[in-house]
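Trainee: Could you walk me through this one from the inside out? I have not looked at it before.

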Amino acid sequence: MNLAGTFSVYIGILLIICEFSFTLMLTSGFNKIGSIIENIQCNFVECCTNEYIFSDIDKLDEIFNKELYGQEMAQHVIINALRAHLTSNNPSKALVMSFHGPPGTGKTYISQMIAKFLYKKGDQSKFYHFFNGRNDFPLQDKVNEYKDELYKIIINSLQKCERSMFVFDEVDKMPEGLLNVLVPFLDYNTWIKSWRLASSINARKAIYIFLSNTGSSRITQRLLTLWEEGRQRHTTKLQDFENLISVGAFNERGGFYHSDTIDSNVIDHYIPFLPLEEVHVKKCLNKIFIDRGIYPTNEMIEEALSYVIFGPPPHNIYATTGCKRLEQKVGTIIYANKKHKLEL
């Protein structure tokens, strides 16, 4: 090769190096600009950052100690599960918990409090999604349509934030087969990959909570049997209930009926919410009165308690609807007392 040819080769290589360097500089510049714009944007709108997403589990546990009555076992399991999941930068799978028990025992309350202590905006966060079986998925013959909608919502949320939270209330009122669409998100998958998606999605950092009355009668009967055997409520363990809940949920009509979510073993914890006793209902009533600015007398508590039905016979130990509907009864009692004082 002559001198001119060698020089041309060198010039060509130099141009390639310059072009590559310029591209890197340009890319780096765009990345920095994008980062600056994102930081400015996050001053005004919610972002998937530590400023908007945090996990003060100790504070949450403290609140539960004060405001959650009769659910020490559930509290212990939930707090430990959250602590393990949220403190890991690389969890093996999404956290999946299924809350089962009679109405008025704290299932919805706990799910709302988790959102409050996970997101700066609480249950108003755009990364928190709440679905009600009765309202959002009312028709069995539209189950395939619901599946498509649900899949899109979850994909869209996970693309925006890996720390998304999904709560499904009244699972027992959902169409059979609906929850099967969730299995790929709940399983031990590192990434969700699909030809439909431009990029893979990390699904392992999300939280899924199912709320259901399914298994309530089994839980109540099991607790009653343990009581008859001389076991104290506070000595019961998760192992006393977990298997009967999963088996019962799988075989009872509703969202979990023969569901792949159970059959595939992707639910991490089946958590029983035990029926409340009179001592717990009194604590609920006392708090409701105080929240309304009234320090109740024993007579006011007893009057409110008279509206509560206890069962099952013959022992009648457990409130059939827990602390549900007590707000309305307390409001009525307060109004009646005020009216009586005005008439004196």
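Mentor: Let us start with I78, which touches M97, F99, I110, I114, I271 and F273 when residues up to four places away in sequence are not counted, a touch or contact being heavy atoms within 4.5 Å. This is a predicted model, in which local features need pLDDT of at least 70 and side-chain atom pairs count only at pLDDT 80 or more, while totals for chains, interfaces and linings use all residues. Residues are numbered from 1 along each chain as its sequence is written, and side-chain values use heavy atoms, with hydrogens and water left out.

Trainee: How many residues does the largest nonpolar core have?

Mentor: The largest nonpolar core has 80 residues, and I78, L82 and F168 are among those with the most contacts inside it. Helix α3, residues 72-86, gives the largest share of this core, eight residues. A nonpolar core here is a set of buried Ala, Val, Leu, Ile, Met, Phe, Trp, Tyr and Cys residues joined through side-chain atoms within 4.5 Å, where buried means under 20% relative accessible area, exposed over 50%, and partly exposed in between, with a 1.4 Å probe and protein chains only. Helices (H or I, at least four residues) and strands (E, at least two) are DSSP runs, numbered from the N terminus.

Trainee: And α2, which residues are buried there?

Mentor: In α2, residues 57-67, the buried ones are I57, L60, I63 and F64. They cover an arc of only 115 degrees around the axis, which puts them on the same side of α2; the arc is that of the directions from the helix axis to the C-beta atoms. These buried residues pack against α3 and α4, whereas the face turned away from them carries the exposed residues D58, N65 and K66.

Trainee: Switching topic, how many disulfides does the structure hold?

Mentor: The structure holds three, a disulfide being a pair of cysteine sulfur atoms within 2.5 Å. C42 and C47 form one of them, with sulfur atoms 2.1 Å apart, and C48 and C161 form another, also with sulfur atoms 2.1 Å apart. The pair of C48 and C161 links distant parts of the chain, 113 residues apart.

Trainee: What about C284 and C323?

Mentor: They form a disulfide with sulfur atoms 1.9 Å apart, and the torsion about the S-S bond is about 80 degrees, so this disulfide is right-handed.
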